[in-house]
Protein chains: 2
Amino acid sequence: MRTEKPLFIQVADRLEQQIKSELYAIGDKLPSIREMVTETGYSMSTINKAYYELESRSLITSRPQSGYYVSPLSSPNIINPTPSRPIISEENSEPEDLIDLVYGNMTHENVTLFSLGFPSNELLPIPKLNKAMVQAMRDLPNSGTSYEEIQGNYNLRKEIARAAFSWDGHFTEQDVITTNGCISAVSYCLMSLTKPGDTVLTESPVYFGILQLAKSLGLHVLELPTNMTTGIEIDALKKVLKTTKVKACILMSNFSNPSGSMMPESHKKEVVQLLAFYHIPLIEDDIHGDLYFGSHRPTNCKTFDESGIVLCCSSVSKSLSPGYRVGWVFPGAFKKEVLRTKLYHSVSATTLTHQVVGDFLKNGRYENHLRKIRKILYHNCTHYIHTILTHFPEGTKVSQPQGGFFLWVELDSKINTAVFYHEALKHHISIAPGRIFSFQNQFTNCMRLSFGLPWTPEIQHAIQTLGTLLCQKKI
Amino acid sequence: MRTEKPLFIQVADRLEQQIKSELYAIGDKLPSIREMVTETGYSMSTINKAYYELESRSLITSRPQSGYYVSPLSSPNIINPTPSRPIISEENSEPEDLIDLVYGNMTHENVTLFSLGFPSNELLPIPKLNKAMVQAMRDLPNSGTSYEEIQGNYNLRKEIARAAFSWDGHFTEQDVITTNGCISAVSYCLMSLTKPGDTVLTESPVYFGILQLAKSLGLHVLELPTNMTTGIEIDALKKVLKTTKVKACILMSNFSNPSGSMMPESHKKEVVQLLAFYHIPLIEDDIHGDLYFGSHRPTNCKTFDESGIVLCCSSVSKSLSPGYRVGWVFPGAFKKEVLRTKLYHSVSATTLTHQVVGDFLKNGRYENHLRKIRKILYHNCTHYIHTILTHFPEGTKVSQPQGGFFLWVELDSKINTAVFYHEALKHHISIAPGRIFSFQNQFTNCMRLSFGLPWTPEIQHAIQTLGTLLCQKKI
């Protein structure tokens, strides 16, 4: 007896076929739900579910107050980058000099900085922040010249706890500790949980700042095989946990830096359960979580954390104001330890800027701003991918992020992006070579490109230039 | 053949006799230099030198634009607290619970907080800071929402380097790294220089924050015998250096927390030479250095650092604005290491508040403010000591700081200040029990009192209350 598929799946399948056959081109707007109801005669609920299903297949994306669009990620030309296969017992070797080289060029003003992972100034609501700062000087006792509570600004903590509702987190201000940015939060967590010589697990590729931080604390980093779409590979994680003494795990479950991968909900849940079983804390860096392209905020690992093993870190440095140094952590069962580490290493955070961000959250100005920046990032991402597919050599693989800032581009294996970095820089373009995202000799033919720079003819031209340079290479 | 003393010494000796015989009372103004010249017929230079000599004997203090005053520290009733004699091989045992107890009461509003070591709000130039903040939002690119350079705000670094002139430091902005407050600077230095299991040397008593920080980094702390007037004892230091492998030394050479001691110049010089000989870096906490009572800014250990072994940390948290989180370090030969540690653990500091402090330094507003706060602290110190000498039990010993915030009070050996803490708190007075300033079971009959609270009848009454409570104890 054959079970018929639910109606909404049938509708979704048919729409998928139309998209795959390019009846709808990338970026095209789909009929609204109301139009589809009229057109097909199906119920509103069925169409709703069908669109939701297509979204979860990464074929379409919704933009609030606008409608549904064919995702650039539906292109049949897109080839996903290869999953990583780091050698799990490999000795650590740091690409420190390469990092210094790339980030020594951070302030060159005439360079197009695809290498940087933060929003360009045009994206920030600067006049509104300035107004909020003047208000904060009025509102705060002693205009913010006094130390705050060690745990951090009360209002900010309350608003962060409230905002967690969007990822099904149910917390109060008591569950939040503020920090000077996200990396300080990760640093306090690592210092609270580990001793030199301990082993920590990470994705691979992994943000070089995590590698450097771990190394500076004398930790051994075990990089795990990682899929560029779905994140860390669970089988590999299982295997390592069975055989190796691990002190902590560090992950970005949403729009990972640099791969752009997002762990499916089922993976998030399984990873948390696995780690809980082995009593291994998970430091989750959810700094990109609010920068989703879809219709709703994705969950994170903390969503599925029943035993308090997840320490979920984030900040507004990628979305609102890097220079304010406002970050935080939901420390779970490790609140006492993390609070002490914060106290011992920094006493407290900057009173004024933390108050301003609390205010921004409270008045809905942050959510308004996020809506704008999400749209822009999605728009940028689409155009960046298109231009790469058009101008980069055939066979170039590119990730299909559903949020965040980064594209992960995999080139022909003969291309060394650490060498290509210099060629690009001659044309005033800075890229992040793949090699800096691992302690091992991996990703030498990969690069990370930020799409945080606003889409302009100059940016388009810069990507085309990268493509032309790569095509000129005789391989 | 008898060598006659120089004329200025003879003058100084005679004045000392007059002061000791209470011909001049504590707080009395001495004749001006001009008046003395007229009176005695000696040269301006001789009188100048004589007054300087008396200052260095702690008998008089000068106040800029005011004149010379008999120091409270000249009182024949003052007995110096006993030098410490920690057991150099002692195992570490932390007074963590006691610290939590004392600093859990930090925000009680109806408690007189002699336990706190920062300026009360009345002492801060809040409207001027607010004005400078508005200016900073105008001046900074993107109103300070962007990351700053890793090394820190250029203007702030330049002004800090310039201000070093006052302690004979000759530096440029390249020699300064800014941090989120002084303890972050010390933390970065310790993390850059040590590994868990290493041994560091400190004074004894020592600020509990240093003890906690060292412990959290897995360090072994060796507390050295310390004189409450002249700081760490050099013979003890020599002995330890000969026999023990030491990774770093941490000192406050000026107005130490908690003892108030100031190392004489000759000690500073000798300590630096000794440590340089053994290639041991010295982390110097000079946070109180600008809060001197005398006529001029004292030198610090960094002044005598020829080989770059001194990492000199400071901040404006004790003088201008704790909540701004503005600190710095002159890292000497360890610039690269400290800069990396800062980058890995926090990326950068808060752009806006660091700009404001740079501005304050540049426009001379900081120096103006310091002049006021120094006068007030000196005034407070005088009154606190008087009141203690009058109302505390006979035999009470009290330190004679020449700057900073703290009095170190030593009571009869039968009094336990950890117990007395609770009695005082019942009268809404919070003190810092001596025990929290050591990993060893020392200083149980001592306490640290901050004179950062403005002198008022209520404060006077609170000190009297402490005295009355102590006198009631049958011992």
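Predicted model: local features only at pLDDT ≥ 70, side-chain atom pairs only at ≥ 80, totals over all residues.
I would like to start at A:Pro258, which sits in chain A in the loop that runs between strand 9 (248–251) and helix 10 (265–277), where helices (H or I, at least four residues) and strands (E, at least two) are DSSP runs numbered from the N terminus. Residues are numbered from 1 along each chain as its sequence is written, chains are lettered from A and ligands numbered from 1 in the order in which they are written, and side-chain values use heavy atoms, with hydrogens and water left out.

What kind of peptide bond joins A:Asn257 and A:Pro258? The bond is cis, with omega at about 15 degrees, and in chain B the bond that joins B:Asn257 and B:Pro258 is a cis peptide bond as well, with omega at about 10 degrees. A:Phe255, in the loop between strand 9 and helix 10 of chain A, has a positive phi of about 50 degrees although it is not a glycine.

In chain B, the loop between strand 9 and helix 10 also holds B:Met262. If we set aside neighbours within four places in sequence, B:Met262 is in contact (heavy atoms within 4.5 Å) with several residues, among them B:Thr229, B:Phe255, B:Lys268, B:Pro298 and B:Gln402.

Let me turn to helix 10 itself. In chain A, helix 9 (residues 234–243) packs against helix 10 at an angle of about 0 degrees, and their axes are 11 Å apart, the axes being lines fitted to C-alpha atoms over the stretch in contact, with angles running from 0 to 180 degrees between N-to-C directions. Helix 9 of chain A is therefore roughly parallel to helix 10 of chain A, a label for angles under 35 degrees. From helix 9 of chain A, A:Ile234, A:Leu237, A:Lys238 and A:Leu241 take part, and they meet A:His267, A:Glu270, A:Val271, A:Leu274 and A:Leu275 of helix 10 of chain A. These residues divide into six nonpolar, one polar and two charged (Ala, Val, Leu, Ile, Met, Phe, Trp, Tyr, Cys and Pro count as nonpolar, Asp, Glu, Lys and Arg as charged, the others, Gly among them, as polar).

How many residues of chain A are in contact with chain B? There are 46, and they touch 46 residues of chain B, while the area buried between the chains is about 3900 Å², with 58% given by carbon and sulfur atoms. In chain A, A:Thr145, A:Tyr147 and A:Tyr344 lose the most area to chain B, together 19% of what that side buries.

Finally, chain A can be laid on chain B with an RMSD of 0.1 Å by a turn of 180 degrees and a shift of 0.0 Å along the axis, the superposition being by least squares on the C-alpha atoms of residues with pLDDT of at least 70 in both. The two copies are thus related as by a two-fold rotation axis, and the same surface serves both, since 100% of the contact residues of chain A recur in chain B.

Conventions: Buried area = accessible area lost by both parts, 1.4 Å probe. Parallel < 35°, antiparallel > 145°, perpendicular 65-115°, else oblique.
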